[in-house]
Amino acid sequence: MTAQSCPRQHCATTMDSAALEPSLYTVKAVFILDNDGNRLLSKYYDPELYPSMKEQKNFEKNVFNKTHKADHEIAFLEGMTIVYKSSIDLFFYVVGSAQENELMLMAVLNCLFESLSQMLRKNVEKRTLLDNMDGVFLVVDEIIDGGQMTTHYQNRVWHSTSLKNWLAPLMCYSQQRSRSSGQF
């Protein structure tokens, strides 16, 4: 069979092969919105996707308007695959390209939600989240590094972030003691 007589092979040769190559950079963005669609946290890993704050907020508003009343877990908008979850007065979103595996994105979302739930002692709501933003950023950074999913095990994330949270006050204390004694 030649490429012209086989439709599957013809499609494969005419499509952009670079778009179909596997990549470790699965996550384009992560954001958490409140029940009014206001941004509480956002991290965009692809600088070309939405380069300005205005474009990012516009995208987030479009996503929120499409998803806040829906009972689904996945949406497709503006050429992006979006998985999401809601809890009390929060909406959690993980964004990937249109070709991205939804199960991988869902693994990131579930790990994020379960890790935060563990960190916030099952009280995943706006006030508690805002009171613990330093830990929230640690959790996000532990799961995603530059758009790459580093882990999807919430126990590993919890152990790593709780250790960092426990060590941070000790590091500050030891730095203050060395400064006050004149040692650096």
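Biologist: How many helices and strands does the chain have?

Modeller: The chain of this predicted model has 7 helices and 7 strands. Helices (H or I, at least four residues) and strands (E, at least two) are DSSP runs, numbered from the N terminus. Residues are numbered from 1 along each chain as its sequence is written, and side-chain values use heavy atoms, with hydrogens and water left out. Because the model is predicted, local features need pLDDT of at least 70 and side-chain atom pairs count only at pLDDT 80 or more, whereas totals for chains, interfaces and linings use all residues.

Biologist: In what order do the elements run from the N terminus on?

Modeller: The order is α-α-β-β-α-β-β-β-α-α-α-β-β-α.

Biologist: What makes Val 139 count as buried?

Modeller: Buried means under 20% relative accessible area, exposed over 50%, and partly exposed in between (1.4 Å probe, protein chains only). Val 139 has a relative accessibility of 1%, so Val 139 counts as buried. Val 139 is found in helix 6 (residues 133-143). Ser 115, in helix 4 (residues 102-119), is buried with a relative accessible area of 1%. Of the 184 residues of the chain, 38% count as buried.

Biologist: How do you know that the side chain of Ser 115 makes a polar contact with Cys 111?

Modeller: A polar contact is a pair of N or O atoms within 3.5 Å; within protein, one must be able to donate a hydrogen and the other to accept it, and residues adjacent in sequence count only if both atoms are side-chain atoms. The side chain of Ser 115 reaches the backbone oxygen of Cys 111 at 2.7 Å, so this distance falls within 3.5 Å.

Biologist: Why is the pair of Tyr 44 and Tyr 50 called edge-to-face?

Modeller: Rings of Phe, Tyr and Trp (its six-membered ring) pair if their centres lie within 6.5 Å; planes under 30 degrees apart count as stacked, over 60 as edge-to-face and the rest as tilted. The structure holds 9 aromatic pairs. One of them joins Phe 31 and Phe 59, which is edge-to-face at 6.1 Å centre to centre and 80° between the planes. Phe 31 lies in strand 1 (residues 29-34) and Phe 59 in helix 3 (residues 53-67), so this pair ties together parts that are 28 residues apart in sequence. For Tyr 44 and Tyr 50, the ring centres are 6.3 Å apart and the planes stand at 80°, so that pair is edge-to-face. Both Tyr 44 and Tyr 50 are buried.

Biologist: What makes a set of residues a nonpolar core?

Modeller: A nonpolar core is a set of buried Ala, Val, Leu, Ile, Met, Phe, Trp, Tyr and Cys residues joined through side-chain atoms within 4.5 Å. The largest one has 28 residues, and those with the most contacts inside it are Ile 32, Phe 92, Leu 116 and Leu 129. Helix 4 gives the most to this core, with 9 residues. A second, separate core of 17 residues includes Leu 49, Val 63, Leu 77 and Tyr 93.

Biologist: Which residues does Leu 116 touch?

Modeller: Contact means heavy atoms within 4.5 Å. Not counting residues up to four places away in sequence, Leu 116 touches Ile 32, Phe 92, Val 124, Leu 129, Val 136 and Val 139.

Biologist: How do you know that strand 3 and strand 4 pair?

Modeller: Two strands pair if DSSP finds at least two bridges between them. Strand 3 (residues 74-77) is joined to strand 4 (residues 80-87) by 4 bridges, so the two antiparallel strands pair.
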